[in-house]
Amino acid sequence: MIPHDELTHILYQLGEEDQPHQVVSPPIYLTSNFSFRTIADFRQAIADERHHPIYSRGGNPTVRLLERKLAALQGTEDAICFGSGSAAIAAAVLSCVKAGDHVITVRNVYSWTWKLLAETLNRFGVSVSQVDGENGEDVKAALNDRTTLLIVESPTSLDFRLQDLRSLISWAKSKRLMVVCDNSFGSPLNRKPVQFGADLICHSATKFVGGHSDVVAGVACGSHELIRRIFYEGYMTFGATLQAEQAWLLIRSLRTIMQRMDSAVEHSEKVVRYLKSHPLVESVNWIFDNEHPQRELVKAQFDYKISMFSFRLKTTSEKSLIQFCESLRLIRLGVSWGGYESLLLPALVFSSTPHPVNHFRLYIGLESAESLVEDLRLALESMND
Ligand SMILES: *Cc1c(COP(=O)(O)O)cnc(C)c1O
């Protein structure tokens, strides 16, 4: 866990000590280009573009400030920001594989990560195996002499199953595999997969970091060497750059991440308690529940709770389930999470899903717990009409 005084330093001070005019909000460097007074400076920048901005597709001081804060939060030497979480994951994966390699990934990884592996990279001769990764045995069985990379994401979305990151990653490292961890659910505040030995830690910064549903962004965190490799491969070549204004919004959002996550968790506790007691609810799966079957893993992985869970209603009547969804007035129907607004993602919107029709993911935002409970109460009641 990051001590609170260190968090305060990272979120409110780090990289901001010497701002002109002692501003309390950092400048947004709206410039595509940088110029040089001397040939020596210009040469130095070209020799190490990662640390000396030349052109804003490569580096921008506002983006750099955000990267320093995210690296400090994740406990890695460096971090590199992208225009989306998917861009960060794609660049991280591309930096680890070549034609002929084999990748092992946990089942139900983020859908576009799966598409990258199974479709895009597959066309370039990279093969992939999917495993549950919950007991470690299936991962070991999937290993072959071409395996170079393990991708983990714990818990996986919609079903909230966790992998034992510590034992899985230490096994992968003993086999000299690279390990990429999608830590979006952990948030940069909440879990440091680098402690378990993960090489590259990616986030959709769109979610908890952004926190207001107004920015799409991503980050990859890791050693100086790996981030440098990503910089000259998947970053500069594909150009999925984060813009300075967006980086500034994320720096602004980080100021309140502790308080936002705390409030949303407090509200979740009340909503979970309400749903668990409701006769029309079959089950609620919040990984932070004291009775959760994987609670030991949860304790070992998460420093703080997160405000997202799944639940199932008793009915499987599509008409009643749609009635429930469409009766909600405060909670919105939608993908994504991490913003101020609570969001319900019903499994029944997907044409192909491993989850039954009565399965829902609910992200709890910043609205009052009483309003959220009342919204759910009325929507559940409407199913009887
Ligand atoms: C949203 C999400 C992503 C993709 O991030 P974008 O910012 O939307 O590109 C990747 N992994 C997880 C777990 C996500 O929830």
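Analyst: What follows goes through helix packing, the sheet, and some individual residues in turn. This is a predicted model, in which local features need pLDDT of at least 70 and side-chain atom pairs count only at pLDDT 80 or more, while totals for chains, interfaces and linings use all residues. Residues are numbered from 1 along each chain as its sequence is written, and side-chain values use heavy atoms, with hydrogens and water left out.

User: Why are α3 and α10 called oblique to each other?

Analyst: Helix α3 (residues 61-74) and helix α10 (residues 244-254) pack at an angle of about 40 degrees, with 8 Å between their axes. Axes are lines fitted to C-alpha atoms, for helices over the stretch in contact, and angles run from 0 to 180 degrees between N-to-C directions. Angles under 35 degrees count as roughly parallel, over 145 as roughly antiparallel, 65 to 115 as roughly perpendicular and the rest as oblique, and α3 and α10 are therefore oblique. Helices (H or I, at least four residues) and strands (E, at least two) are DSSP runs, numbered from the N terminus.

User: Which residues make the contact between α3 and α10, and what classes do they belong to?

Analyst: On the α3 side the contact involves Thr62, Val63, Leu65, Leu66, Lys69, Leu70 and Leu73, and on the α10 side Ala244, Ala247, Trp248, Leu250, Ile251 and Leu254, where contact means heavy atoms within 4.5 Å. By class there are 11 nonpolar, one polar and one charged residues; Ala, Val, Leu, Ile, Met, Phe, Trp, Tyr, Cys and Pro count as nonpolar, Asp, Glu, Lys and Arg as charged, and the others, Gly among them, as polar.

User: What makes β1 and β3 edge strands?

Analyst: Seven strands form an open sheet with mixed pairing, in the order β1-β7-β6-β5-β4-β2-β3. Strands β1 (78-82) and β3 (127-131) each pair on one side only, and they are the edge strands; two strands pair if DSSP finds at least two bridges between them. The twist from one strand to the next averages 20 degrees.

User: Why does Leu158 count as buried, and why does Ser336 count as partly exposed?

Analyst: Buried means under 20% relative accessible area, exposed over 50%, and partly exposed in between (1.4 Å probe, protein chains only). Leu158 has 9% relative accessibility and therefore counts as buried, whereas Ser336, at 27%, counts as partly exposed. Leu158 is in the loop between β4 and α7, and Ser336 is in the loop between β10 (332-333) and β11 (343-346).

User: How do you know that Tyr363 is buried?

Analyst: Tyr363, in strand β12 (residues 359-363), has 3% relative accessibility, so Tyr363 counts as buried. Leaving aside neighbours within four places in sequence, Tyr363 is in contact with residues including Phe208, Met308, Trp337 and Ser342.
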